[in-house]
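Me: I would like to learn how to read a few features of a protein model. Could we begin with how a helix sits against its surroundings?

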Amino acid sequence: MHASPLFARAVARLLCRVDAALGQPAVLDFVDMGAGHGELVTGVLAALPADVAARVHGYAVEIAGRPAGLDRRITWLNEPPESVTGLLFANEWLDNVPVDVAEVDSAGVPRLVLVAADGSEQLGKPVAGADQDWLARWWPLPAEEGLRAEIGLPRDQAWSSAVRRVARGLAVAVDYAHTVDTRPPFGTLTGFREGRETAPVPDGSCDITAHVALDACAAACAPGAVPGTRRTPPDAPCTSPTGTQHPSGTARALPAARLLTQRAALHALDINGARPPLALASTDPAAYVRALTFAGEAAELTAPGGLGDFAWLVQPAGIPNPLEPGAPPPA
Ligand SMILES: C[S@@+](CC[C@H](N)C(=O)[O-])C[C@H]1O[C@@H](n2cnc3c(N)ncnc32)[C@H](O)[C@@H]1O
């Protein structure tokens, strides 16, 4: 979770690029998916230039209730709006979407892990059906007792259904992630209580998360893909620029999705940890201190081995990818 002022500024900068690519629509949507207490949407609204802020409709999408005192301009919903023109941004949402866990038994068969309210576990039925297909395609388990996988199908469905709401603009999911070549052999299921790691006991006392198979989420948005069926294209994640069906019934172009590190994404938004020139310290000491703080925060957000390793799944809808070189700068 990093609703730091600099992170919000980066997202505001991205929203401005989306705005430019959309030709500055009269209403520009910003949707904060899994908004928590609405910190990111609040920070983004505060960081936007006045002319863009005046046209933005900010939404927080959250299953928890609206916090008291939240900016009245922000619409609080428990599902994304039907049609979004702008930016839908999901910061650490998908890792919170529940998944089943599979474990290989002594005969080499992947079975569902059943867990009691006190956290004790036992193996249940063999994994079957759409879950089995998902494992075979995205997280194949060798027949070695004790290996585990988190079955990402509900995340694929959650992500593709959110992306489908973006009529024109961009959808971005940011999470700790892995891809088919880097799956952790025992999974990543973890509990968090008051910001500290704890055992993932499902008794309501902690948040339970698991890293996200973002390559599978990307493929679930490919034209013609239907998560949970064999209609997920076998290989290319969202690489075809052909049209897909919008909930309103209108077809719209869905260009290729890209998966990149947070480090690369923030660099593409001109945010890096470079220190300000020393000369600034004598000409404008206050600006120098501000720039130094900014550089420190940027270094933290882009650090390899730390927050810089977060993955950004970037899914444009009807616009060029604003994080690619050559994307038009905001006006
Ligand atoms: C890990 S928190 C991230 C909060 C915030 N985005 C941040 O980065 O600090 C995940 C949030 O997603 C919310 N959430 C989980 N599933 C959701 C769903 N299906 N629809 C809306 N919100 C959801 C949770 O209530 C939680 O507030």
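Reply: Two residues are in contact if their C-beta atoms, placed from the backbone, lie within 7 Å. Helices (H or I, at least four residues) and strands (E, at least two) are DSSP runs, numbered from the N terminus. This is a predicted model, in which local features need pLDDT of at least 70, side-chain atom pairs count only at pLDDT 80 or more, and totals for chains, interfaces and linings use all residues. Residues are numbered from 1 along each chain as its sequence is written.

Me: Which residues of helix α4 are buried, and what do they pack against?

Reply: A residue is buried if 20 or more other C-beta atoms lie within 10 Å of its own, exposed if 12 or fewer, and partly exposed in between. In α4 (residues 129–138) the buried ones are D131, W134 and W138. They lie on the same side of α4 because they cover an arc of only 60 degrees around the axis, the arc being that of the directions from the helix axis to the C-beta atoms. The buried residues of α4 pack against β5 (100–104), β8 (148–151), α5 (153–164), β14 (212–213) and α6 (214–220), whereas the face turned away from the buried side carries the exposed residues G129 and A136.

Me: What is the order of the strands in the open sheet of three?

Reply: Two strands pair if DSSP finds at least two bridges between them. Here the order is β12-β11-β13, with antiparallel pairing, and the edge strands, each pairing on one side only, are β12 (196–198) and β13 (207–209). Strand β11 (residues 190–193) is joined to β12 by three bridges, and R193 stands opposite R196 in β12.
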